[in-house]
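These are my notebook entries on a structure that was new to me.

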Amino acid sequence: MMRTRPLKVALLGCGVVGSEVARIMTTHADDLAARIGAPVELAGVAVRRPDKVREGIDPALVTTDATALVKRGDIDVVVEVIGGIEPARTLITTAFEHGASVVSANKALLAQDGAALHAAAEEHGKDLYYEAAVAGAIPLIRPLRESLAGDKVNRVLGIVNGTTNFILDKMDSTGAGYQEALDEATALGYAEADPTADVEGFDAAAKAAILAGIAFHTRVRLDDVYREGMTEVTAADFASAKEMGCTIKLLAICERSKDGASVTARVHPAMIPLTHPLASVRGAYNAVFVESDASGQLMFYGPGAGGAPTASAVLGDLVAVCRNRLSNATGPGESAYAALPVSPMGEVVTRYHISLDVADKPGVLAQVATVFAEHGVSIDTVRQQGKDGEASLVVVTHRASDASLTGTVEALRKLDTVRGVASIMRVEGE
């Protein structure tokens with residue numbers, strides 16, 4: 001039997017995502033009511049520019065006073081899609097204090113202050129849902145938090161930023177340089193006017209922190225995530241990758257140590273074999289590869305950004321939270337019981353592809369190999385090409401720690417025969 005009194009929703013932000021949330025709530029009102037067991041009513045929309053025309057939204061619902069909106073007391077759910085740290089953090093905690101549950105898409109805030117927000121939700125007996133914070137329409141948080149709750153997740157490896165994947169895909173498929181590919185991404189609307197958050201890995205790092213926390217039942221903050229952008233990736237790097245049967249992706253990697261005593265979370269460009277499922281993810285799409293004890297390997301794929309896809313995830317959370325309100329229950333909260341330490345990047349073990357500019361003369365390879373051996377880094381393959389007294393030396397290692405590789409590179413730079421280190425790229429997915 002359906003309840004006739006509607007559940008009231010306050011919407012904070014009405015940009016690309018917020019306007020889609022409002023549109024879907026209106027156009028799919030009957031279906032949403034049937035799925036929830038009660039109608040949902042958009043009770044207020046907080047914006048910064050009240051004079052802007054917003055198609056399909058009653059101007060009487062629009063306000064610039066977001067604080068007053070979340071304090072009303074008759075609001076059942078607050079949907080926060082304004083982004084940033086403040087005022088979003090204060091508005092969310094205020095919503096809990098005044099009786100509302102919260103659905104958020106705010107990855108930066110959740111990566112930085114997720115533990116405090118979960119604590120506030122629990123204190124007031126309310127829900128905090130945020131499926132849209134990680135990969136747009138792709139369901140990731142709910143499978144990790146609920147479907148795999150009985151399993152042990154060991155690794156989460158993924159492409160979680162569509163802008164960087166579009167740029168790298170263009171560089172790979174057309175031979176374009178980084179700037180040329182970025183310009184195309186900007187022209188098509190995939191990249192912001194200031195693309196720093198995307199291309200320097202800040203966006204992916206926030207998502208990695210959220211995913212690692214859920215996957216490993218451990219608090220992982222943004223500061224715990226190693227971050228390296230992809231602005232230094234060159235066409236020459238892609239040429240080297242192709243010679244190895246690989247491509248290059250900006251990856252978010254969260255993994256449990258082999259002894260299970262710690263976890264790591266990192267974002268950086270990496271070569272991955274063309275045989276790996278992530279290698280075939282093209283354009284602005286996202287995909288996440290999950291490895292667990294019982295389930296084995298799972299892959300989640302789809303559009304990771306955009307108004308409608310992100311709004312789809314927001315509405316999915318809204319339905320779940322509204323159902324909980326009707327049954328006077330709350331869904332899963334923070335699970336951080338494992339409290340595993342987050343290891344520094346220096347302890348991470350992986351393979352490396354190192355390209356060196358060296359003098360083209362006898363004994364250079366032996367000198368380089370000696371340096372690797374002295375630092376405990378085993379060489380898998382070496383390729384050398386040269387003429388006119390100069391040469392390029394490409395070394396691919398077996399698995400080594402980041403700290404040992406760093407020491408190796410510092411020693412290589414001191415050799416008279418090494419003119420420079422052209423590039424260093426990690427090799428993942430094997």
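**Ground rules.** I note that this is a predicted model, in which local features need pLDDT of at least 70 and side-chain atom pairs count only at pLDDT 80 or more, while totals for chains, interfaces and linings use all residues. I also note that residues are numbered from 1 along each chain as its sequence is written, and that side-chain values use heavy atoms, with hydrogens and water left out.

**Salt bridges.** I began with pairs of charged side chains, since side chains of opposite charge can pair when their charged atoms come close. I counted a salt bridge where a side-chain nitrogen of Lys or Arg lies within 4 Å of a carboxyl oxygen of Asp or Glu. How many salt bridges does a search of the whole structure find? The search finds 23 of them.

I looked up D76 and R325, whose side chains form a salt bridge with 3.0 Å from N to O. This pair links distant parts of the chain, 249 residues apart, with D76 in the loop between α3 (66–70) and β4 and R325 in helix α13. For exposure I used relative accessible area with a 1.4 Å probe and protein chains only, where buried means under 20%, exposed means over 50%, and partly exposed is in between. D76 counts as buried because its relative accessibility is 9%, whereas R325, at 21%, counts as partly exposed.

I then turned to R426 and D402, which form a salt bridge whose closest N and O atoms are 2.9 Å apart. The two are 24 residues apart and link distant parts of the chain, R426 being in strand β17 (residues 418–427) and D402 in helix α15 (residues 402–413). Both R426 and D402 are buried.

D223 and R221 form another salt bridge, and here I read 3.5 Å between the closest N and O atoms. D223 is exposed, with a relative accessible area of 67%, while R221, at 38%, is partly exposed. I also found a network of salt bridges that links R155, E255, R266 and E428.

**A buried arginine.** I looked next at R145, which lies in helix α7 (residues 141–147). R145 is buried but has no salt bridge, and E146, the nearest side chain of opposite charge, is 4.7 Å away; in this count Lys and Arg are positive and Asp and Glu negative, with His and the chain ends not counted. What lies 3.5 Å from a polar atom of the side chain of R145? I found the backbone oxygen of P332 there. Setting aside neighbours within four places in sequence, I listed the residues in contact with R145 (heavy atoms within 4.5 Å), among them H118, Y130, I214 and G333.

**Backbone angles.** I kept in mind that most residues other than glycine have a negative phi, and most peptide bonds are trans. The peptide bond from E86 to P87 is cis, with omega near 10°, and P87 is in the loop between β4 (77–80) and α4 (88–97).

I noted a positive phi, near 50°, for H217, which is in the loop between α11 (202–216) and β8 (226–227). A339 also has a positive phi, of about 45°, although it is not a glycine, and A339 is in the loop between α13 (307–326) and β13 (349–359). Is each of these buried or exposed? H217 is buried, with a relative accessible area of 17%, whereas A339, at 57%, counts as exposed.

I looked up A60, in the loop between β2 (40–46) and β3 (62–63), and E180, in helix α9 (residues 178–187). A60 is exposed at 68% relative accessible area, and its C-alpha atom is 9.3 Å from that of V45, 15 residues apart along the chain. E180 is exposed at 54%, and its C-alpha atom is 8.8 Å from that of I167, 13 residues apart along the chain.

Conventions. Helix = DSSP H or I, 4+ residues; strand = E, 2+ residues; numbered from the N terminus. Polar contact = N/O pair within 3.5 Å; in protein donor to acceptor, adjacent residues only side chain to side chain.
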